[in-house]
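Here is a note to read beside the model. Keep the sequence and the 3D view open, and check each point as you go.

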Amino acid sequence: MKINYSELKSLVIITVGMAIYCFSWAAFLIPSGIIGGGVSGIGTLIYFASAKAIPVGYSYFIINAFLILIALKILGSKFGVKTVFAIIVGSVLLSVLPKLIPEPLVNEKFMAAIIGGALSGIGVGITISQGGSSGGTDIIAMIINKYKNISPGRIILYLDIFIIASSYIVFKDVPTIVYGYVVMSITAYAIDMVISGSKQSAQLFIISTEFEKIANEITGTMNRGVSVMDATGWYSKENKKILMVVVRKHEAPSIFKLVKQIDGNAFISMGSVMGVYGLGFEEIRG
């Protein structure tokens with residue numbers, strides 16, 4: 001049986017993301033009585049409405065069991081497998097961690113909202129970057145993002161407003177709603193930062209007399225495309241070849257190392273790009 005290490009690595013990263021997400025709820029939001037968005041927010045509402053009789057993990061799993069059927073049909077089985085895995089991990093952790101952390105790690109409710117929201121967003125962002133989802137409004141956000149270039153964080157922000165406003169029914173307290181909106185806003189921002197960071201790309205222009213060797217090495221060892229352009233050095237009046245390469249930002253150091261080994265006198269210009277779509281990068285959406 002051949003092990004797919006890429007998929008295994010993805011599941012490990014999803015586990016880490018869900019652990020961060022669940023820790024944010026168990027250590028900061030739930031014990032502070034703060035209602036965030038998503039299914040976790042609904043689960044927390046049920047938890048307090050039932051006088052803490054129904055654990056958040058139970059509600060989280062049951063609600064997501066229905067939503068996952070939609071994700072399987074629209075987003076495909078591969079997405080579904082990762083999402084089911086993330087939901088199972090989240091359900092277990094949200095059932096266990098609140099029992100281990102009965103009191104918030106910080107006593108100041110506003111600080112609990114900020115830290116909890118930031119960690120929640122980081123956890124969800126890590127999970128989404130691997131093609132998974134923590135469930136709930138994340139599933140809806142991923143469905144919309146599949147077809148439109150609307151940031152998942154923004155979609156989740158809009159979808160969660162009603163859930164947080166509903167906390168008034170249980171707590172009869174306006175400040176609780178405000179804290180919930182603080183969590184929601186910080187979570188959405190953190191999600192966007194994590195996802196955009198994982199997809200950052202760089203465009204490099206390389207000028208070298210050894211352009212053929214460099215191009216062959218880039219295409220052969222890094223599996224990235226190279227475009228060759230004609231140019232004329234205005235100072236030297238010599239004809240030159242310019243290589244244009246677009247890579248993920250984390251791949252740029254490997255390009256520099258490769259070029260230096262072939263031609264230490266090469267000229268390289270690198271710039272960040274807002275987005276790259278097509279083969280090897282993001283899917284082109286209408």
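Which side chain meets that of E210 in a salt bridge? The points below begin with that pair, after a word on sources.

This is a predicted model, in which local features need pLDDT of at least 70, side-chain atom pairs count only at pLDDT 80 or more, and totals for chains, interfaces and linings use all residues. Residues are numbered from 1 along each chain as its sequence is written, and side-chain values use heavy atoms, with hydrogens and water left out.

1. **The pair in the question.** The partner of E210 is K213, with N to O at 3.8 Å. A salt bridge here is a side-chain nitrogen of Lys or Arg within 4 Å of a carboxyl oxygen of Asp or Glu. K213 counts as exposed because its relative accessibility is 52%. E210 is partly exposed, at 28%. The cut-offs are these: buried is under 20% relative accessible area, exposed is over 50%, and partly exposed is in between (1.4 Å probe, protein chains only).

2. **Other salt bridges.** The whole structure holds five salt bridges. One of them joins K82 and E7, at 3.9 Å from N to O. This pair links distant parts of the chain: K82 sits in helix α4 and E7 in helix α1 (residues 5–29), 75 residues apart. Helices (H or I, at least four residues) and strands (E, at least two) are DSSP runs, numbered from the N terminus. K82 counts as buried because its relative accessibility is 8%. E7 is partly exposed, with 26%.

3. **A bridge between strands.** K241 forms a salt bridge with D230, and their closest N and O atoms are 2.3 Å apart. K241 belongs to strand β3 (residues 239–248) and D230 to strand β2 (residues 227–232); the two are eleven residues apart. D230 is exposed because its relative accessibility is 62%. K241 is partly exposed, at 30%.

4. **Overall build.** The protein has eleven helices and four strands. Its C-alpha trace spans about 80 × 45 × 35 Å along the principal axes. Buried residues make up 43% of the 286 residues.

5. **Domains.** The domain assignment gives domain 1 (5–197) and domain 2 (201–273). These bounds come from an automatic or database assignment. How far apart do the C-alpha centres of the two domains lie? The distance is 42 Å.

6. **Confidence.** pLDDT is the predictor's confidence in each residue, from 0 to 100. The protein averages 85, and 92% of the residues score at least 70. Among the elements, helix α6 (residues 137–147) has the lowest mean, 75. Helix α5 (residues 109–129) has the highest, 92. Where pLDDT is low, the predicted coordinates should not be read in detail.

7. **Annotated spans.** An unreviewed UniProt entry carries the annotation "transmembrane region" for residues 12–34, 46–72, 79–98, 110–132, 153–171 and 177–195. UniProt positions are given in the numbering used here, feature names are shortened, and annotations may be inferred rather than shown by experiment. Take two of these spans in the model. Residues 46–72 are 78% helix and 0% strand, with end C-alpha atoms 26 Å apart. Residues 110–132 are 87% helix and 0% strand, with end C-alpha atoms 30 Å apart.

8. **A nonpolar patch.** F61, I62, F66, V84, I88, V92, V96 and L100 make a nonpolar surface patch of about 770 Å². Patches are made of residues with over 30% relative accessible area and no salt bridge; like charges are joined within 9 Å, nonpolar side chains (Val, Leu, Ile, Met, Phe, Trp, Tyr) within 5 Å. Areas come from the Shrake-Rupley method with a 1.4 Å probe, and for residues only the protein chains shown count as cover. Helices α3 (56–75) and α4 (77–100) each supply at least two patch residues. Which helix gives the most? It is α4, with five. V84 is found in α4 and counts as partly exposed because its relative accessibility is 34%.

9. Most residues other than glycine have a negative phi. A51 has a positive phi of about 60 degrees. A51 lies in the loop between α2 and α3, and is exposed at 65% relative accessibility. N223 also has a positive phi, near 55 degrees. N223 is in the loop between α10 (211–221) and β2, and is exposed at 68%.
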